[in-house]
Amino acid sequence: MNLSYEQLVERINCWNHAYYVLDNPLVSDAEYDHAFRALLALETENPDLVSPESPSQRIGAAPIAEFKKVEHGVKMLSLANAFSLEETTDFFEKAARELDVDLASLALFSEPKLDGLAITIHYHHGLFSYAATRGDGAVGEDVTHNIKTIKSVPLKLNTDTPPEKLEVRGEVFMPKAAFARLNQLAKQQNSKVFVNPRNAAAGTVRQMNPQIAAKRDLQFIPYSVGEYQGEREFTRHSEMIDYLISLGFRRNPHCYAFLGSFEAFAENYQRMESLRDSLPMEIDGIVYKIDDLATQAALGFIARSPKWAVARKFPAQQAITQLLGVDFQVGRTGVLTPVARLEPVFVAGVTVSNATLHNMDEINRLGLCIGDSVDIQRAGDVIPKVAKVAEQGEDRQPIVMPTRCPVCDSPVIRIEGQAAFRCTGGLICAAQGAERIEHYASRNCMNIVNLGTKLIELLYSKGIIHTIADIYKLKLDDIASLDGLGEKSAQNVLDSIEASKATKLRTFLAALGIPEVGEGGSKNVAQYFKNLPAIQAASFEDLMQVPDVGPVTAKSIVDFFQDARNQAIVADIINAGVNWVDEQHEPTQAQSLAGQTWVLTGTMSMPRHEAKALLESLGAKVSGSVSKKTDCVVAGAEAGSKLAKAEELGVRVIDEATFLAELNG
C-alpha cells in the first residue's frame with residue numbers, strides 16, 4: 001500500500017466514519033486490518049509522525065490514577081420532565097404566554113431521549129482536546145481517555161475551516177446488541193452482569209483503563225453545542241445539529257420538526273412509542289425544544305433547566321430489584337397464586353413491592369430462587385411481573401408450594417392436567433370467604449341487589465358473616481348498626497335477601513362458586529340431573545355423561561359435595577328457604593332460535609348477560625366470535641372487530657332495537 005502517513009490516517013478515518021457513523025462499510029475487515037497494521041508499523045518506525053487524529057490514538061493512553069475535575073465554561077443543565085401529554089402541552093403554552101404568541105406558531109424540534117450518559121467534548125482548531133462528564137452541571141470529571149476510544153467520535157473535525165473552539169454536548173450510550181454481547185461474555189466468565197445499557201455505558205466511561213472501554217462498543221450522538229468560537233452563525237437548533245453531522249458526528253435517528261399543538265404532540269409521542277422497541281438503542285423519552293435560537297435566548301433558564309426545552313419521559317418499563325420472599329395468596333376458587341415480595345423499586349411510574357409469579361411452572365421456568373436479583377416489567381396498568389433472573393443470589397433459597405392452605409390449613413392439591421394448586425377448604429376457607437360471598441350475591445348469580453361489595457366486606461371484616469349461609473342469618477340490627485346505614489337501608493338489604501330465595505337450580509349451582517363450574521356448566525348439570533339431591537349424589541362417572549362436562553369439572557363437583565363442611569353450608573341455605581322449581585318442571589318456551597348461533601358485540605342498553613340469557617332461552621347458542629356459521633350479530637354502540645368480521649363474511653347484522661323488536665314479535 002503505497003500511501004503516505006497522512007493519506008493512510010485520512011483513509012482509515014474515512015473508513016471508520018463510514019462504518020461507525022454512517023453504518024455503511026466501505027472495505028472488508030481484511031483490507032481494514034491490513035491498512036491499520038501498516039499504520040502502526042509506520043508509527044513504530046517513525047514516532048515523530050504520530051498525529052493526534054491518528055486512529056491508533058484511540059486506545060493508546062495508559063490507565064489513569066484518578067479522574068481530574070473539569071469546570072464547564074457553560075453550565076450543563078438538566079431538562080425539566082413531563083410525564084403526560086397535558087404536562088408537555090402546558091410547558092410550551094407557558095412559554096408561548098411569556099413570548100405573547102400562540103402555541104401553534106412555535107416551531108419545535110423533537111429528538112429521542114437516549115438513555116445514556118451526558119458528555120461534553122471540546123475541540124480546538126478542529127482537533128479533539130478533552131471530554132468530561134456533566135457532574136453537577138458546573139463541574140464534571142475528565143474522561144478523555146475513554147471518550148477517545150469511541151469510534152463514532154471524530155478525533156479531527158471533517159472540515160477545512162474548523163472553528164477555533166467547539167464544545168459538542170451529547171449522549172454516550174451502549175447499543176442493545178453490544179449490551180447483550182457484554183453480558184453474555186460476563187456470564188461465560190462468571191463475572192457480574194450489568195443491569196441495563198445505561199449502567200453499562202456509565203460504568204465503561206468511568207473505567208480507569210481505556211483499553212477496557214475500547215472493547216465495549218460505545219456510541220456518541222450529539223444533542224447541542226456549548227462553547228463556540230467560529231465564523232459559522234446559526235439561527236435554529238436543527239441547523240446547528242446539521243452542522244455537527246457535517247463535521248463527522250452520528251445523527252440521532254427519528255428527529256422531527258413540527259409546529260406546537262396538542263394534536264402534534266400526541267401524534268409525535270405515539271410515533272416514537274411505536275418505534276421504541278425497534279430502535280438499536282434504548283430511549284427513555286422524547287426531548288422537545290423550541291427550534292429558534294433567538295427565542296431560546298429570550299426565554300432563558302430557571303434554576304437548573306431551560307424554559308425552552310422539556311423531556312417527556314416514557315414510563316420505565318423494567319427495573320432490577322431483589323426477591324425477598326414469596327407469599328401464596330388464596331383466590332375465590334381456592335387457587336394458590338405465588339406473589340413475589342420485592343425490595344421496593346420504582347418502575348412504570350409507580351413503586352412496586354410485589355409482582356405476580358403466576359404459578360409454580362413459571363417459577364421453575366425462570367429458575368427463580370429467593371435472594372435472586374430479578375428483572376421486573378410493567379407497562380401501563382398491567383400487573384407487574386418477574387420477567388427473568390438478572391443475577392443469582394449468593395444465598396439462594398428454593399421456592400416451595402405449601403402442602404396446606406396458609407389460611408385455613410386445609411390440604412393443598414394440584415389440579416390434574418393444570419399448573420394450578422388449590423386449597424380444598426371450599427366454602428369454609430376464610431381467604432375465600434368475602435370473595436365467595438360477593439360472587440354468590442352478584443347480579444349473575446343470586447342477584448341480591450342491595451348487598452354490594454363494600455357492605456359484604458364490612459360485614460365480613462366485623463365477623464358478622466363468615467360464609468354464604470350467614471347471609472340468611474342477618475338481622476336488622478346487624479346492618480343498621482354499621483356506619484352510614486340506618487334501619488331503612490338495612491330493611492332494603494333484608495328485602496333483597498328474601499327476594500333472592502326464589503331462584504333456579506342452575507343459578508344456585510353457579511352461585512356456589514364450585515371450581516371449574518361456570519354458568520354454562522351449571523346449566524348443563526342442572527338440566528341433566530333435574531334436582532339438587534341427584535347432583536350431590538352423582539359419581540364422577542355419572543357427571544361424565546353430562547354434555548360438555550369434562551373430567552376436571554366432574555372431579556371438582558364430586559370433591560365439592562363430598563366435603564362435609566360444604567354439605568353443611570348448602571343445607572343451611574336450603575333450610576333458610578332458598579328454593580327453585582326442579583328443572584323438569586320449569587316452563588318451557590318455544591325454541592324459535594334452536595340451532596342458530598348468535599354473537600353480541602358493542603355497548604347495549606340491556607345488560608349483556610340478560611341478552612345472552614334471552615337468546616339461550618329461545619334455543620340459540622351465543623358465541624364470542626364471528627365465523628361463517630354465525631347466523632346473526634347484534635351490534636350495539638362502538639362495535640368493533642366483530643362487526644367488521646361479520647360485514648366481511650356477509651353475516652346478518654342487526655342493531656339492538658331490531659333485536660328486541662324481533663324477539664318481542
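Q: Where does Asp291 sit?
A: Helices and strands here are DSSP runs numbered from the N terminus (helices are H or I, at least four residues; strands are E, at least two). Asp291 falls in the loop between strand S10 (283-290) and helix H10 (293-299). A word on the model: it is predicted, so local features need pLDDT of at least 70 and side-chain atom pairs pLDDT 80 or more, while totals for chains, interfaces and linings use all residues. Residues are numbered from 1 along each chain as its sequence is written, and side-chain values use heavy atoms, with hydrogens and water left out.

Q: Is Asp291 buried or exposed?
A: Buried means under 20% relative accessible area, exposed over 50%, and partly exposed in between (1.4 Å probe, protein chains only). Asp291 has 6%, so it counts as buried.

Q: Which residues is Asp291 in contact with, leaving aside neighbours within four places in sequence?
A: Contact means heavy atoms within 4.5 Å. For Asp291 the list includes Phe109, Arg236, His237 and Gln296.

Q: How many disulfides does the structure hold?
A: You'd look for a pair of cysteine sulfur atoms within 2.5 Å. The structure has zero. As for cysteine accessibility, Cys14 is partly exposed at 44%, and Cys369 is buried at 15%.

Q: What does S17 pair with?
A: Two strands pair if DSSP finds at least two bridges between them. S17 (residues 373-377) pairs antiparallel with S14 (residues 318-330) over five bridges, with Val374 as the bridge partner of Thr321. Five bridges also join S17 to S18 (residues 385-391), again antiparallel; there, Ser373 has Glu391 as its bridge partner.
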